[in-house]
Amino acid sequence: GGGQEQLLQQLLAGIGSHAVQPPPVQAHSVRAVNLGSMSVRLPGGAPSLPSLWTSTDTMSEVPAERWDAQEARRRASGAGYGGFMHGTALFDNSFFGISPAEASVIDPLQRLLLEHAYAALHGSGRHKASLMGTRTGNYVGTWQSEYGSVLASSPARDSVYAVTASSCAALPGRLSYVLGVQGPCVSVDTACSSALVASHGALRSVQLADCDVAAASGVHMLLDLAVSFGFAAAGMISPTGRSYTFDVRADGYARGEACCVTVMECD
């Protein structure tokens, strides 16, 4: 009514007379950035990014070592399917100076990130000895680790290594520590956009000379059936285990996992 309009006019008048002027924008020298080498582990055994976009079917029933697919489908339609990576239990712990006892407890996300981040950096002409002490940044996009609940229900929960085993903050931290690099070390959790936001952070960090080179990563695994059950109960999971984006057949989405690392550097 008239009272609301009068109040609005008074507020606007007050803002106009007391508005704080923003400081002038400082011009930054932005460097050109090249996308260097990449290392990926994709669902469904897809050997490369091109194969992911052609004929490779990345969806399958849940691997037996994760949980029972038939029981999952019985309890929640669609929870028995997903895009799962192969060979995630394999890890060369001695190469990274990690004891077998610790390697058996830490989050698989940490193992995957170590392998593929180093593979990407090595592909750009770097090795462990040359990385030590360099201004190399690590930006990791992830979501809350599902490993925490798995660890809590296993005997390994009492291990001294369980303290940082499933921490999202430990993902870039472990990588920086193992490689001895001293650039920005950042974990990003913005749900579905985590890897994109981490890539943006890595790009800007190199552009503005916060670091000389950066590894932009995205990593996630499906480890806790309860999470899939929760999404299925909310009607988010496709009963057919397929994502038909912008398609009349769309009936939900299918969950998946992957690990991708891209190296960014200046000329």
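Predicted model: local features only at pLDDT ≥ 70, side-chain atom pairs only at ≥ 80, totals over all residues.

**A pair of helices**

Begin by selecting helix 5, residues 108-123, together with helix 8, residues 170-179, whose axes come within 10 Å and cross at roughly 50°. Because angles of 65 to 115 degrees count as roughly perpendicular and those under 35 degrees as roughly parallel, helix 5 and helix 8 are oblique to each other. If you follow how helix 5 passes helix 8, the crossing is right-handed.

Next, show the side chains where the two meet: helix 5 brings L109, Q110, L113, L114, A117, Y118 and L121 to the contact, and helix 8 brings A170, L171, P172, R174, L175, V178 and L179. Sorted by class, this contact has twelve nonpolar residues, one polar residue and one charged residue.

**The largest core**

In soluble globular proteins, nonpolar side chains tend to be buried together. Now select F96, I98, L113, L114, L179, V219 and V261, which have the most contacts inside the largest nonpolar core, a set of 34 residues. At least two residues of this core come from each of helix 5, helix 7 (147-152), helix 8, strand 6 (213-220) and strand 7 (258-266), and helix 5 supplies the largest share, eight residues.

Then centre the view on L113, which, leaving aside residues up to four places away in sequence, touches Y118, V140, L171, P172, L175, S217, C259 and V261.

**A separate core**

Finally, select V62, W67, A232 and I237, which are among the twelve residues of a second, separate core.

Notes: Residues numbered from 1 in each chain as written. Heavy atoms only, no water. Axes fitted to C-alpha atoms, helices over the stretch in contact; angles between N-to-C directions. Helix = DSSP H or I, 4+ residues; strand = E, 2+ residues; numbered from the N terminus. Parallel < 35°, antiparallel > 145°, perpendicular 65-115°, else oblique. Left-handed = near helix turned anticlockwise from the far one by under 90°. Contact = heavy atoms within 4.5 Å. Nonpolar A, V, L, I, M, F, W, Y, C, P; charged D, E, K, R; others polar. Core = buried A, V, L, I, M, F, W, Y, C linked by side-chain atoms within 4.5 Å. Buried < 20%, exposed > 50% of the residue type's maximum accessible area, 1.4 Å probe, protein only.
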